[in-house]
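User: Could you walk me through this structure, beginning with the overall layout and then turning to individual residues?

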Amino acid sequence: MAKKSSSPKRTHVVKRDSGWAVKKEGAKRATKVYTTKEQAVKGAEKSRKSGRDVVVHKKDGSIQTWKKSKKK
């Protein structure tokens, strides 16, 4: 039986000076930076299919929405 990873499986959409960044939790750098929040959310949604939650933040850093992964 496969061992479950204890690392969190979340992708965050966060505000940056240069736009909106998609960043996997625990990563040092953003996966990609988008011009608009809507584009960033669409980009992050792709990671839900691979079993990651998507956490969308407001400009102030607080959580706006938390979308659970589509994979069980």
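Analyst: The conversation below moves from the whole chain to the sheet, the helix and some single residues.

User: Before that, what kind of model is it, and how are residues numbered?
Analyst: It is a predicted model, in which local features need pLDDT of at least 70 and side-chain atom pairs count only at pLDDT 80 or more, while totals for chains, interfaces and linings use all residues. Residues are numbered from 1 along each chain as its sequence is written, and side-chain values use heavy atoms, with hydrogens and water left out.

User: What share of the residues is buried?
Analyst: Of the 72 residues, 32% count as buried. Buried means under 20% relative accessible area, exposed means over 50%, and partly exposed lies in between (1.4 Å probe, protein chains only).

User: And what about the exposed surface?
Analyst: The chain exposes about 5,500 Å², and carbon and sulfur atoms supply 50% of that area. Accessible areas come from the Shrake-Rupley method with a 1.4 Å probe; for residues, only the protein chains shown count as cover.

User: Turning to the sheet, in what order do the strands lie?
Analyst: The order is 3-2-1-4-5, in an open sheet of five strands with mixed pairing. Strand 3 and strand 5 stand at the edges with a single partner strand each, so one side of each has no neighbour in the sheet. From one strand to the next, the twist averages 20°. Two strands pair if DSSP finds at least two bridges between them.

User: How do strands in a sheet pair, in general?
Analyst: Strands of a sheet pair through backbone hydrogen bonds, either parallel or antiparallel.

User: Which way do strand 1 and strand 2 pair?
Analyst: Strand 1 (residues 10-16) and strand 2 (residues 19-24) pair in the antiparallel sense over six bridges. They form a hairpin with two residues between them. Threonine 11 stands opposite lysine 24 in strand 2.

User: What about strand 2 and strand 3?
Analyst: Strand 2 pairs with strand 3 (residues 32-34) over three bridges, again in the antiparallel sense. Tryptophan 20 stands opposite tyrosine 34 in strand 3.

User: And how many bridges join strand 4 to strand 5?
Analyst: Four bridges join strand 4 (residues 53-57) to strand 5, and the two run antiparallel.

User: Where does helix 1 lie?
Analyst: Helix 1 (residues 37-45) lies across strand 1, strand 2, strand 3, strand 4 and strand 5, and runs at about 165° to strand 4. Axes are lines fitted to C-alpha atoms, for helices over the stretch in contact, and angles run from 0 to 180 degrees between N-to-C directions.

User: Which residues of helix 1 are buried?
Analyst: The buried residues are Lys37, Ala40, Val41, Gly43 and Ala44. They cover an arc of only 160° around the axis, which puts them on the same side of helix 1. That arc is taken from the directions from the helix axis to the C-beta atoms. These buried residues pack against strand 1, strand 2, strand 3, strand 4 and strand 5, whereas the face turned away from the buried side carries the exposed residues Glu38 and Lys42.

User: Is valine 54 buried or exposed, and what does it contact?
Analyst: Valine 54, in strand 4, is buried, with a relative accessible area of 0%. Leaving aside neighbours within four places in sequence, valine 54 is in contact (heavy atoms within 4.5 Å) with residues including Thr11, Val13, Ala44 and Trp66. The bridge partner of valine 54 in strand 5 is lysine 67. The C-alpha atoms of valine 54 and valine 41, 13 residues apart along the chain, are separated by 8.3 Å.

User: What polar contact does the side chain of histidine 12 make?
Analyst: Histidine 12 lies in strand 1 and counts as buried at 16% relative accessibility. Its side chain makes a polar contact with the side chain of glutamate 25 (2.6 Å). A polar contact is a pair of N or O atoms within 3.5 Å; within protein, one must be able to donate a hydrogen and the other to accept it, and residues adjacent in sequence count only if both atoms are side-chain atoms.

User: Finally, where is isoleucine 63?
Analyst: Isoleucine 63 is in strand 5 (residues 63-67) and is partly exposed, with a relative accessible area of 44%. Apart from neighbours within four places in sequence, isoleucine 63 is in contact with Val55, Val56, His57 and Lys58.
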